[in-house]
Amino acid sequence: MTGRTAETARQPTGEALLSVRSLRTEIETEDGTLAAVDDISFDLFAGEVLAVVGESGCGKTMLALSILGLLPGPGASTTAGEVRLAGEDLLAASPQRRRQARGAEIAMIFQDPLTALNPVHRVGDQIAEMLRAHRPMRKAEARRRAEDLLERVGIPDADRRARCYPHELSGGMRQRVMIAMAVALDPVVLIADEPTTALDATVQAQVLEVLSEVRQRMSGAMMIITHDLGVVAGAADRVMVMYAGHCVERGSTRDVYHRASHPYTAGLLAAVPRLDRTAARLTPIAGSPPVPIGAGPGCSFAPRCPMATDICEQQRPDLRGWKNRPAEAASTEPAVACHHAVIEGPT
């Protein structure tokens, strides 16, 4: 792709609330070792929203689970890297300390509330239980707090809804319950994993509005994981694009959406419906995402890339920034991992 001029974006200041460095998570399968998260680094600052985007299977959710230490089953393990929350490396912390941090300091809104919520307990009791696990609180006080949280996320008649079981609520209301539970203890970092999946357009807009209100009240930061680039266009400050467990592009939302440098990012954007264009049909990305087991030496996107050349098949591109400088692991500057893309700095 042709070069682009990076636009000046708001540069975060101060120490990052969440710093991830060279994170690698592997899953042992019958066919070999799968690198679900491969050398991911980023920083998340106070007041910031970072969107992590990519197709299903690219490693977005596994990245979030790796950060929280909630890997699925004994076959999955984080084999390298650091996850620093307010300077503390959670990967080096004890299991008890990590349980302490989850919910109180770093929380997650899971993708499917119907499976994340306990079907045999009322939703208000589940929120109250989480509150009492982290705070010295009587049952009655915790129940009142749970009802206040449900009202805060826009659930009407909150005292009655708190007595409902998850199956008695609509998909949108269950998602609001998950949001209420996640923000109950005012965590410094909130991770929202596909918060609008399986919701119709109207309910999606309502949930996004709730998340926007939550963000305005938070003193911390938020990471939104999604495969739908349209969802985060107006919600995120920065975007990180993942493919086959790698970061292939990052930058400010405006920079990435308007001047995508990586062919994969451009392909994702071309597949998003737009009101300002009247194309007869969307342009899909050819082929399917790879299974990152025993990957070859080249670019993982090369088999699907219309720009691929011999070097793409032979050498994996590094994440590089302005004028092809090696990208700093923690840099907030735009960067891309493509042999044919150059990000031009400001003149």
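**Working chat: salt bridges and helices**

Colleague: What does Glu82 count as at 30% relative accessibility?

Modeller: At 30% relative accessibility, Glu82 counts as partly exposed. Buried means under 20% relative accessible area, exposed over 50%, and partly exposed is in between (1.4 Å probe, protein chains only).

Colleague: What kind of model is this, and how are residues numbered?

Modeller: It is a predicted model, where local features need pLDDT of at least 70 and side-chain atom pairs count only at pLDDT 80 or more, while totals for chains, interfaces and linings use all residues. Residues are numbered from 1 along each chain as its sequence is written, and side-chain values use heavy atoms, with hydrogens and water left out.

Colleague: Back to Glu82. Which side chain does it meet in a salt bridge?

Modeller: Arg84, at 3.1 Å from N to O. A salt bridge here is a side-chain nitrogen of Lys or Arg within 4 Å of a carboxyl oxygen of Asp or Glu. Arg84 counts as partly exposed, at 31% relative accessibility.

Colleague: How many salt bridges does that rule give?

Modeller: The count is 12. One of them joins Glu48 and Arg238, whose closest N and O atoms are 2.5 Å apart. Glu48 is in the loop between β3 (32-44) and β4 (49-53) and Arg238 is in strand β10, so the pair ties together parts 190 residues apart in sequence. Helices (H or I, at least four residues) and strands (E, at least two) are DSSP runs, numbered from the N terminus.

Colleague: Are Glu48 and Arg238 buried or exposed?

Modeller: Both Glu48 and Arg238 are buried.

Colleague: Which residues are linked in a network of salt bridges?

Modeller: Arg24, Glu26, Asp38 and Arg316.

Colleague: New topic, helices. How many residues of α11 are buried?

Modeller: In α11 (residues 263-270), 6 of the 8 residues are buried. Among them are Tyr264 and Leu268. The buried residues of α11 pack against α9 (229-232), β10 (238-243), β11 (246-252) and α10 (253-258), contact meaning heavy atoms within 4.5 Å.

Colleague: And α7 with α8, at what angle do the axes cross?

Modeller: Roughly 15°, and the axes of α7 (residues 171-183) and α8 (residues 201-217) come within 10 Å. Axes are lines fitted to C-alpha atoms, for helices over the stretch in contact, and angles run from 0 to 180 degrees between N-to-C directions. The two helices are therefore roughly parallel; angles under 35 degrees count as roughly parallel, over 145 as roughly antiparallel, 65 to 115 as roughly perpendicular and the rest as oblique.

Colleague: Which residues of α7 meet α8?

Modeller: Gly172, Gln175, Arg176, Ile179 and Val183. In α8, the residues they meet include Val203 and Leu211.
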